[in-house]
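Welcome! Here is a friendly briefing on one protein model, arranged by topic. Take a look at the sequence and the structure first.

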Amino acid sequence: MAAARGLSLTAATQKAVTPWPRGRLLAASLGPQARREASSSSPEAGEGQIRLTDSCVQRLLEITEGSEFLRLQVEGGGCSGFQYKFSLDTVINPDDRQGGRGGVFEQGGARVVVDSDSLAFVKGAQVDFSQELIRSSFQVLNNPQAQQGCSCGSSFSIKL
């Protein structure tokens, strides 16, 4: 993933509001209730699907250029066992495609790509963009594969 830009959102980096790459500051987002509701035009997340909230779509359209998309990965670590990692990328790898059991999810012109290994941990979840006084970040909400998560929302444990 040499094309990926470093937007890793670990718990340590989420504690401060930082500008996005290319000098663009974070835009104001919707209110807490509105940003957590899925787009009315979005299909219901079926098994293996990822939904995007309106605020996620809006923010991705603001920060991506050309063929860029948001990559969602799950890595071992964090205070609950697994952690979410977000980055902007331009390269779709073989295991990102449906044949590789990964997924490319598009809604309202915004794209989120999840590799096959990570998709098993987030299928059926919702990706949101949240802006608060102390941080602005993409987050995974309503993950049916997660048993519990940490208070910052960046790590989780899986259901067995």
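Which side chains meet in a salt bridge at 3.9 Å, N to O? They are the side chains of R135 and E132; a salt bridge is a side-chain nitrogen of Lys or Arg within 4 Å of a carboxyl oxygen of Asp or Glu.

Keep in mind that this is a predicted model, where local features need pLDDT of at least 70, side-chain atom pairs count only at pLDDT 80 or more, and totals for chains, interfaces and linings use all residues. Residues are numbered from 1 along each chain as its sequence is written, and side-chain values use heavy atoms, with hydrogens and water left out.

**Salt bridges**

- The structure holds five salt bridges.
- In the pair from the opening question, R135 counts as buried at 11% relative accessibility, while E132 is partly exposed at 31% (buried means under 20% relative accessible area, exposed over 50%, partly exposed in between, with a 1.4 Å probe and protein chains only).
- Another salt bridge joins R71 and D89, whose closest N and O atoms are 2.8 Å apart.
- This pair links distant parts of the chain, since R71 sits in strand β2 and D89 in strand β3, 18 residues apart (helices, H or I with at least four residues, and strands, E with at least two, are DSSP runs numbered from the N terminus).
- Both R71 and D89 are buried.
- E62 and R59 also form a salt bridge, with 2.8 Å between the closest N and O atoms.
- These two residues are three apart in helix α2, so about one helical turn separates them.
- R59 is buried, at 4% relative accessible area, whereas E62 is partly exposed at 30%.

**The sheet**

- Three strands form an open sheet in the order β1-β6-β7, with mixed pairing.
- β1 (51-52) and β7 stand at the edges with a single partner strand each, so one side of each has no neighbour in the sheet.
- A hairpin of four residues connects β6 to β7, and D128 has Q139 of β7 as its bridge partner.
- Six of the six residues of β7 are buried, so this strand is largely enclosed by the rest of the structure.
- S136, F138 and V140 point one way from β7, while S137, Q139 and L141 point the other way.
- In a regular strand the side chains alternate between the two faces of the sheet.

**The nonpolar core**

- The largest nonpolar core has 25 residues, and L72 and V122 have the most contacts inside it (such a core is a set of buried Ala, Val, Leu, Ile, Met, Phe, Trp, Tyr and Cys residues joined through side-chain atoms within 4.5 Å).
- α2 gives the most to this core, with four residues.
- V122 touches residues including I50, L72, Y84 and N143 (contact means heavy atoms within 4.5 Å).

**A buried asparagine**

- N143 is found in the loop between β7 (136-141) and β8 (146-149), and N143 is buried at 10% relative accessible area.
- The side chain of N143 reaches the backbone oxygen of F121 at 3.0 Å.
- A polar atom of that N143 side chain also lies 2.9 Å from the backbone nitrogen of Q145.

How values were computed: Polar contact = N/O pair within 3.5 Å; in protein donor to acceptor, adjacent residues only side chain to side chain. Pairing = 2+ DSSP bridges. Lists of a residue's contacts leave out its neighbours within four places in sequence.
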